[in-house]
Amino acid sequence: MSEALSQSPCHEWAATLHGLLDDELDAVHAMRCEEHVANCAACHAELARLRVLRGIMRQDSVRWPAPEALRSRILADVMQNGNARPQEPADPYNRSWGRFMAALQRWSLVPSFVVLAASLFIVFGPLTRGGALPEELVAGHVRSLLADHLTDVASSNRHVVKPWFIGKLDFAPPVIDLGEQGFPLIGGRVEYIDERVVAALVYRRHNHIINLFIWPATANSRRAVTREGYNLMNWTQGGLTFWAVTDLDANELNQFQQALAAATSS
Ligand SMILES: [Zn+2]
């Protein structure tokens, strides 16, 4: 884990990760990138970090207006050096845009924005980690559906799925088929969530998928949250943290949780 934490993302994927985040990749490159991220802890962590950063930058409280003095100085500079008059330039848009950009660069607004973004992340990054966990789990759920990477081991047989995790995790997740209760197990994979490698078990309910993320608990918790239209349920049992993520309604998710908790404790 600490090894993955200290690794920096792969150099050759750095730009692609931004493209993936901004939805700028074509299907083939997006899929390749998703595939790499699914298998590379460092790039997975980097993508999660970029998502958090983007979320912070979008918050209203982070958008600060330029100080009035700075604004006046830039405007004065544009007016003075540019001698801007509506009727004068042949190509007013280009001229005034060029002057505006020149003024911006003169006052070093662009580099200071980068510094601002970086320092905001340093300050707020660690604080928002806890709050960003549900988002990270939803991202893991969506990624598993989009990138055709639902399972690394596809089987409803827990005697196949359980041993598959050996050597991939530093704990043994309970692998239980809930087919009789209407939630058949369809397989498992490993994910990188909240800065650690976790187990992801995949269950199906009719045409809906439930991703069940499991890792060792650090504290007892129980909560249900909704993020981006997905229902999430979190609980701890037997020293493990469970997070179920699905597009099923809250009732059915509750049924799933009850069935799993009962089967796990017996
Ligand atoms: Zn990588």
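**Entry 1: helix H9**

Against which strands do the buried residues of H9 pack? I began with this question on a predicted model, in which local features need pLDDT of at least 70, side-chain atom pairs count only at pLDDT 80 or more, and totals for chains, interfaces and linings use all residues. I number residues from 1 along each chain as its sequence is written, and side-chain values use heavy atoms, with hydrogens and water left out.

I found that the buried residues of H9 pack against strands E2 (196-205), E3 (208-216), E4 (222-227), E5 (230-237) and E6 (240-246). I take helices (H or I, at least four residues) and strands (E, at least two) as DSSP runs, numbered from the N terminus. Contact means heavy atoms within 4.5 Å. Buried means under 20% relative accessible area, exposed over 50%, and partly exposed in between (1.4 Å probe, protein chains only).

I listed the buried residues of H9 as Glu252, Leu253, Phe256, Gln257, Ala259, Leu260 and Ala261. I also looked up the span of H9: its 16 residues reach 22 Å from first C-alpha to last, close to the 22 Å expected at 1.5 Å a residue. The expected span is 1.5 Å times one less than the number of residues.

**Entry 2: aromatic rings**

I counted 4 aromatic pairs; rings of Phe, Tyr and Trp (its six-membered ring) pair if their centres lie within 6.5 Å, and planes under 30 degrees apart count as stacked, over 60 as edge-to-face and the rest as tilted. One of them joins Trp164 and Phe165, edge-to-face, at 5.2 Å centre to centre and 75 degrees between the planes. Phe183 and Phe256 are also edge-to-face, because their ring centres are 5.3 Å apart and their planes stand at 65 degrees. Phe183 lies in the loop between helix H8 (158-164) and strand E1 (185-193), and Phe256 in helix H9 (residues 250-265), so this pair ties together parts 73 residues apart in sequence.

I noted that Phe183 is buried at a relative accessible area of 1%, and that Phe256 is buried at 0%. Phe183, Tyr203 and Phe256 form one aromatic cluster.

**Entry 3: charges over rings**

I looked for charges over rings (NZ of Lys or CZ of Arg within 6 Å of the ring centre and within 35 degrees of the ring normal). Arg205 lies over the face of Phe183, 4.3 Å from the ring centre. The charged end of Lys168 sits over the ring of Trp164, 4.2 Å from its centre.
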